[in-house]
Amino acid sequence: MGPLGEQLGLTIIHERTRKHERAEPVIPYTVEIVAMDQPGIVRSLSAFFSRKGINIEELQSNSYPAPHSGTPLFSVVMTVGIQARVHIPTLRNEFLDYCDDLNLDATFEPVRR
């Protein structure tokens with residue numbers, strides 16, 4: 001463990017990965033979440049997509065205080081790869097219902113390139 005890991009009390013492991021070969025084509029979608037910060041948000045989102053067989057291609061998260069109240073907020077921006085065979089309107093509705101149940105503000109849109 002290097003000096004940064006020792007300083008932060010973390011074990012840091014990194015490994016170069018190889019390019020992921022896809023068995024079928026995917027459509028990239030961007031998912032954005034904002035919510036009051038609470039433990040387990042990323043784990044819960046990951047579990048939702050895992051149950052649907054959808055890979056999270058990229059994920060960024062951030063926590064910050066709300067501008068006026070200082071309430072701790074949490075945001076996640078991720079790109080997911082949805083298989084072409086998936087009925088996207090149904091998936092989108094299921095995801096937004098899931099987020100409503102957890103009180104997460106969410107968007108689910110195709111990646112614009």
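Predicted model: local features only at pLDDT ≥ 70, side-chain atom pairs only at ≥ 80, totals over all residues.
Local features require pLDDT of at least 70 and side-chain atom pairs pLDDT 80 or more, whereas totals for chains, interfaces and linings use all residues. Residues are numbered from 1 along each chain as its sequence is written, and side-chain values use heavy atoms, with hydrogens and water left out.

Helix H2 spans residues 41-51 and helix H3 residues 88-101; helices (H or I, at least four residues) and strands (E, at least two) are DSSP runs numbered from the N terminus. Two packed helices are described by the angle between their axes and the distance between the axes. For H2 and H3, the angle is about 155° and the axes are 12 Å apart. Here axes are lines fitted to C-alpha atoms, for helices over the stretch in contact, and angles run from 0 to 180 degrees between N-to-C directions. The two helices are therefore roughly antiparallel (angles over 145 degrees). In H2, Ser44, Leu45, Phe48, Phe49 and Arg51 contact Leu91, Glu94, Phe95 and Tyr98 of H3, contact meaning heavy atoms within 4.5 Å. By class, this contact comprises 6 nonpolar, 1 polar and 2 charged residues; Ala, Val, Leu, Ile, Met, Phe, Trp, Tyr, Cys and Pro count as nonpolar, Asp, Glu, Lys and Arg as charged, and the others, Gly among them, as polar.

The whole structure contains 2 salt bridges, each defined by a side-chain nitrogen of Lys or Arg within 4 Å of a carboxyl oxygen of Asp or Glu. In one of them, lysine 52 and glutamate 94 meet with an N to O distance of 2.6 Å. Lysine 52 lies in the loop between H2 and strand S2 (55-65) and glutamate 94 in H3, so the pair ties together parts 42 residues apart in sequence. Glutamate 109 pairs with arginine 92, the closest N and O atoms being 3.5 Å apart. Because glutamate 109 belongs to strand S4 (residues 105-110) and arginine 92 to helix H3, this pair ties together parts 17 residues apart in sequence. Relative accessible areas are 36% for lysine 52 and 34% for glutamate 94; both residues are partly exposed (buried is under 20%, exposed over 50%, partly exposed in between; 1.4 Å probe, protein chains only).

Tyrosine 29, located in strand S1 (residues 26-36), is buried at a relative accessible area of 10%. Not counting residues up to four places away in sequence, tyrosine 29 touches Met78, Thr79, Val80, Ile82, Ile88, Phe108, Glu109, Pro110 and Val111.

Methods
Parallel < 35°, antiparallel > 145°, perpendicular 65-115°, else oblique.
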